[in-house]
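Biologist: I have the chain open on my screen and would like to go through it with you. Shall we start with the rings and then move on to the charges?

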Amino acid sequence: MAGALLPSLAWSEVQLNLGPCVSVRALDGAAIDSNGPLTLTNGRHQLVVDCTVEVGRSSDEGMPETSDAFALLFRAEDTELTVQAPEIGNSRELEMFNRAGNWQLTTTDQQSINFDVDVLEKEGFQLVRDYERELDAFNRSESPAALGANLPGADMELLEKEEGWPSTSAGAPDQEMVNQMLRYWYLKADKTTRDEWKNWIHSSN
């Protein structure tokens, strides 16, 4: 009975599946570490992804190598998507992939979704990457994959016009944008400010 009802349910989110070698390192400016499916809200999102494969002349000699980290910026609503890299079997193909950044973002019926992509350049030698700090600088750049529209001081009416974000009948910003702006400022805040924010929210309920 429950299975019969499922097709009639309306989508209200985006299901994102990951290809065999793909890992997500950050989502919308926040660092994460995921090799499995993600559930996203409808709207615009930025992923930082990389691909880890074994390269070598044989399976016995294969060594795991990880591609450059790439930022992917896309918009999707009420759908299921898969992000994946092309098949990579050796170091030369991995180098070509790092240069081309030919990621694939498709629906379940293999329709391609438009997205912007750019390398998230690694700054010197790092044992552990600070993706949030790197993205803070990256998202202030002119890269097509930057989340520049989410930075403070952006003209809200211009964003609604250019990005297609709806507003309420009273002209107030869409709640998706409000959520993204709150997330941005939360990530910028130090621990003390975050704790004060949480206490204020709890006391307001």
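Biologist: How many aromatic pairs does the count come to?

Modeller: The count comes to three aromatic pairs, where rings of Phe, Tyr and Trp (its six-membered ring) pair if their centres lie within 6.5 Å, and planes under 30 degrees apart count as stacked, over 60 as edge-to-face and the rest as tilted. F70 and W103 form one of them, an edge-to-face pair with 6.0 Å from centre to centre and 70° between the planes. F70 lies in strand β7 and W103 in the loop between α2 and β9 (104-107), so this pair ties together parts that are 33 residues apart in sequence.

Biologist: Before we go on, what sort of model is this, and how are residues numbered?

Modeller: This is a predicted model, in which local features need pLDDT of at least 70 and side-chain atom pairs count only at pLDDT 80 or more, while totals for chains, interfaces and linings use all residues. Residues are numbered from 1 along each chain as its sequence is written, and side-chain values use heavy atoms, with hydrogens and water left out.

Biologist: Back to the rings, then: which residues do the ring pairs link into a cluster?

Modeller: The ring pairs link F70, F97 and W103 into a cluster. The rings of F97 and W103 have their centres 5.1 Å apart and their planes at 65°, so that pair is edge-to-face.

Biologist: And is W103 buried or exposed?

Modeller: W103 counts as buried, at 5% relative accessibility, where buried means under 20% relative accessible area, exposed over 50% and partly exposed in between (1.4 Å probe, protein chains only). F70 is buried with a relative accessible area of 2%, and F97 counts as buried at 2% relative accessibility.

Biologist: Which residues touch the most other members of the largest nonpolar core?

Modeller: That core has 27 residues, and L16, C51, V83 and W103 touch the most other members; a nonpolar core here is a set of buried Ala, Val, Leu, Ile, Met, Phe, Trp, Tyr and Cys residues joined through side-chain atoms within 4.5 Å. The elements giving two or more residues to this core are β1 (13-18), β2, β4 (38-41), β5, β7, β8 and α2 (91-100), and the largest share, five residues, comes from β5.

Biologist: What does C51 touch, leaving out residues up to four places away in sequence?

Modeller: With those left out, C51 touches C21, E65, T66, S67, A85, I88, F97 and W103, a contact being heavy atoms within 4.5 Å.

Biologist: Switching to charges, how many salt bridges does the count come to?

Modeller: The count comes to five salt bridges, each being a side-chain nitrogen of Lys or Arg within 4 Å of a carboxyl oxygen of Asp or Glu. D50 forms one with R25, and the closest N and O atoms are 2.9 Å apart. D50 lies in strand β5 (residues 43-55) and R25 in strand β2, so the pair ties together parts that are 25 residues apart in sequence. D50 counts as buried at 4% relative accessibility, and R25 counts as buried at 18%.

How values were computed: Helix = DSSP H or I, 4+ residues; strand = E, 2+ residues; numbered from the N terminus.
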